[in-house]
Amino acid sequence: MGSGHGARMIPATYQRPDSIAYALQALAGSIGSNDTRPIAGGTNLLDLMKLQLVTPGALVDVNRLPLDRIEAREDGGLRLGATARNADTAWHPLVERDYPLLSAAMLAAASPQIRNMASNGGNLLQRTRCTYFYDRATPCNKREPGSGCSAIGGLTRHHAILGASEHCIATHPSDMCVALAALDAVVHVASVRGEREIPFADFHRLPGDTPDVDTSLAADELILRIELPPAARFAAHSAYLKVRERLSYAFALVSVAAALDIAPDGTIRAARLALGSVAHKPWRVAAAEAVLEGARPGAEAFAAAAEALVQGAVSQGQNAFKIPLARRTVIRALETAARGTVDNQGSSRPQPETPA
Ligand SMILES: Cc1cc2nc3c(=O)[nH]c(=O)nc-3n(C[C@H](O)[C@H](O)[C@H](O)COP(=O)(O)OP(=O)(O)OC[C@H]3O[C@@H](n4cnc5c(N)ncnc54)[C@H](O)[C@@H]3O)c2cc1C
Ligand code: SF4
């Protein structure tokens, strides 16, 4: 590929350590000029490098690090290693049994081949699919801070209706992250300074006036794993609904992760609800879940929850249709969840409790 921009496509160094301590030392070099990047499946990073949107000086391949395990926690929760593949995670027996919402969201993404390559850590850090971000001939504040936002007043069919700023109206495209947001995941990260935990709600950012910063992860931090609190009580009533322009191999226009814990008397004990592809991060609103808690599943409660979730939505022109679409998709996802989870083979799961 001809550069013509003086940008470097091939990194100066490539390392494939098998020790986390070594990888963290290598990443510590990214503070300063040597922009060192981890690479996992490469399904996003290599595309960005080919387009010279990212030109790392060094790559640290994380695939030999001991981070590929999926393990049960003693409290009934789950640990998902950062380098575990999306396919292995989605089809893992514990994920299918206790987190069918996550499994369904992951299987709605990309293609089987990409899911076999894509890692859990990389999925969280995938960049937006805004067309202008990939077109270096157009201004884009995310690619080049201060240059402007070509999407505002331009092609906005896939853009944000919630949480956008005057500097960026891009959306986060992940399916997995919508389910992780709904399920209260926590991201465990490390650097040479030590380890820290980032609640999922704080992991991705809204664009504000720094849309070039997607997440709260520092440049020298490595994602070690994603931890999920116990969620078996939601397993019988969950649904991930992805609305897209064609049935497979497409990013969502709108997606909804919905999970209900329904008591034997038929009322909703607890609800988890998140919207995807409508904002710079998965969109979750406590008031929307509060509306459902204590209510009986049905049209009235579901419409109220949908209204609370899209509260404050703003059209950017061509994407005005996403506001009513988001409402309808929330209602349909909740109806589907209330009827009972459909497993990955397309069968209804056995219901542990029969609502009265
Ligand atoms: C054609 C196509 C269609 C797709 N469709 C969908 C879809 O419908 N839904 C969806 O959700 N996704 C979709 N994707 C995105 C895909 O899921 C992501 O590209 C993938 O999850 C990224 O994982 P990876 O391991 O390949 O990451 P990489 O490309 O290796 O890395 C991505 C980023 O993560 C960083 N990184 C990787 N691992 C770590 C770590 N452990 N710690 C810190 N940083 C790390 C890298 O430095 C890089 O910045 C699609 C991708 C393609 C190419
Ligand atoms: S919406 Fe964001 S990513 Fe797209 S052009 Fe504007 S600043 Fe760039």
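1. Buried here means under 20% relative accessible area, exposed means over 50%, and partly exposed lies in between, with a 1.4 Å probe and protein chains only. On that basis strand β11, residues 268-276, is mostly covered, with 8 of its 9 residues buried. Strands are DSSP runs of E with at least two residues, helices are runs of H or I with at least four, and both are numbered from the N terminus.

2. A word on conventions before going further. This is a predicted model, in which local features need pLDDT of at least 70 and side-chain atom pairs count only at pLDDT 80 or more, while totals for chains, interfaces and linings use all residues. Residues are numbered from 1 along each chain as its sequence is written, chains are lettered from A and ligands numbered from 1 in the order in which they are written, and side-chain values use heavy atoms, leaving out hydrogens and water.

3. Now the neighbour of β11. Strand β10 (residues 252-262) runs antiparallel to β11, and 8 bridges join them; two strands count as paired if DSSP finds at least two bridges between them. Ile-262 has Ile-268 in β11 as its bridge partner. The two strands form a hairpin with 5 residues between them, and Gly-266 in the turn has a positive phi of about 90°.

4. Elsewhere, 3 strands make an open sheet with parallel pairing, in the order β1-β3-β2. Its edge strands, β1 (13-15) and β2 (36-39), each pair on one side only. From one strand to the next the twist averages 20°.

5. Helix α1 (residues 20-28) packs on this sheet and touches β1, β2 and β3, its direction making about 140° with that of β2. Contact means heavy atoms within 4.5 Å; axes are lines fitted to C-alpha atoms, for helices over the stretch in contact, and angles run from 0 to 180 degrees between N-to-C directions. As for the pairing of β1, 3 bridges join it to the parallel strand β3 (residues 58-61), and Thr-13 stands opposite Ala-58 in β3.

6. Finally, the whole chain. The protein chain has 13 helices and 11 strands. Its radius of gyration is 20 Å, close to the 21 Å that the globule rule gives for 356 residues, so the chain is as compact as a globular protein of that length; the radius is taken over C-alpha atoms, and the rule is 2.2 Å times the number of residues to the power 0.38. Buried residues make up 52% of the 356. Among contacts between residues at least 6 apart in sequence, 65% join residues at least 24 apart.
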